[in-house]
Amino acid sequence: MTETIRLTAAQAMVKWLAAQMTEDGDRFVEGIWGIFGHGNVAGLGEALEKARQDFPTWRGQNEQTMAHAAIAYAKAKKRTRAMAVTTSIGPGATNLVTPAALAHVNRLPILLIPGDVFANRRPDPVLQQVEDFEDGTVSANDCLRPVSRYFDRISRPEHLLTALPRALATMTDPASCGPVTL
């Protein structure tokens, strides 16, 4: 009889990413670069701390340079491996646009996981949130849509069941390879 494992959505995502292997037996997403703050510290930050032995986290000082380092890694590994980058909501997320555009044009795999507004939209406004006060469905992360080969806003845990395989398929497909934003 198997034992039920209870995980948060962030823990499930990190566990799934850590389990995705290449044909050579290496982890496809080697680890994650992160600056933690509003929108990613409580859920994802806690999950990464618990998984630090299986899925390494590196701290950066600037979101843009972390993403550039991640795409340099993908290029050095000839698109056979990738890294993830997480940021806080607002200006931190917008710092991913230039490297995402570079990865998009050069078809380099990178997984972008910017913080976002809470699904219940409280508190509102979030500190440093770049938002559209007329449309609650829009956040700063929407600026990543045109420079992502695959974009999905995860607002419910079960969204991961379809989003993660699609994200991996995009990053590993030579024809559609490029940045993925979740």
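**Close-up 1. The salt bridge between E158 and R156.** In this predicted model, the side chains of E158 and R156 come together in a salt bridge, with 2.6 Å from N to O. Side chains of opposite charge can pair in this way when their charged atoms come close. E158 is partly exposed, with a relative accessible area of 39%, and R156 is likewise classed as partly exposed, at 46%.

**Close-up 2. The salt bridge between D116 and R153.** The closest N and O atoms of D116 and R153 are 2.8 Å apart in this salt bridge. The pair links distant parts of the chain, since D116 lies in the loop between strand 4 (110-114) and strand 5, while R153 lies in the loop between strand 5 and helix 6 (160-172), 37 residues apart. D116 has a relative accessibility of 17% and therefore counts as buried, for which the limit is under 20%, whereas R153, at 25%, counts as partly exposed.

**Close-up 3. The salt bridge between D142 and R145.** Here the side chains of D142 and R145 meet, with 2.7 Å from N to O. D142 counts as buried at 17% relative accessibility, whereas R145 is partly exposed at 42%.

**Close-up 4. A network of salt bridges.** D26, R27, E30 and R81 are linked to one another in a network of salt bridges. The count of salt bridges in the model comes to nine.

Close-up 5. Six strands form an open sheet in the order 2-1-3-4-6-5, with parallel pairing. Strand 2 (57-59) and strand 5 (150-151) stand at the edges with a single partner strand each, so one side of each is left without a neighbour in the sheet. Strand 5 pairs with strand 6 (residues 179-181) in the parallel sense over two bridges, and the bridge partner of F151 in strand 6 is T181.

Methods: Residues are numbered from 1 along each chain as its sequence is written. This is a predicted model: local features need pLDDT of at least 70, side-chain atom pairs count only at pLDDT 80 or more; totals for chains, interfaces and linings use all residues. Side-chain values use heavy atoms; hydrogens and water are left out. Two strands pair if DSSP finds at least two bridges between them. Helices (H or I, at least four residues) and strands (E, at least two) are DSSP runs, numbered from the N terminus. A salt bridge is a side-chain nitrogen of Lys or Arg within 4 Å of a carboxyl oxygen of Asp or Glu. Buried means under 20% relative accessible area, exposed over 50%, partly exposed in between (1.4 Å probe, protein chains only).
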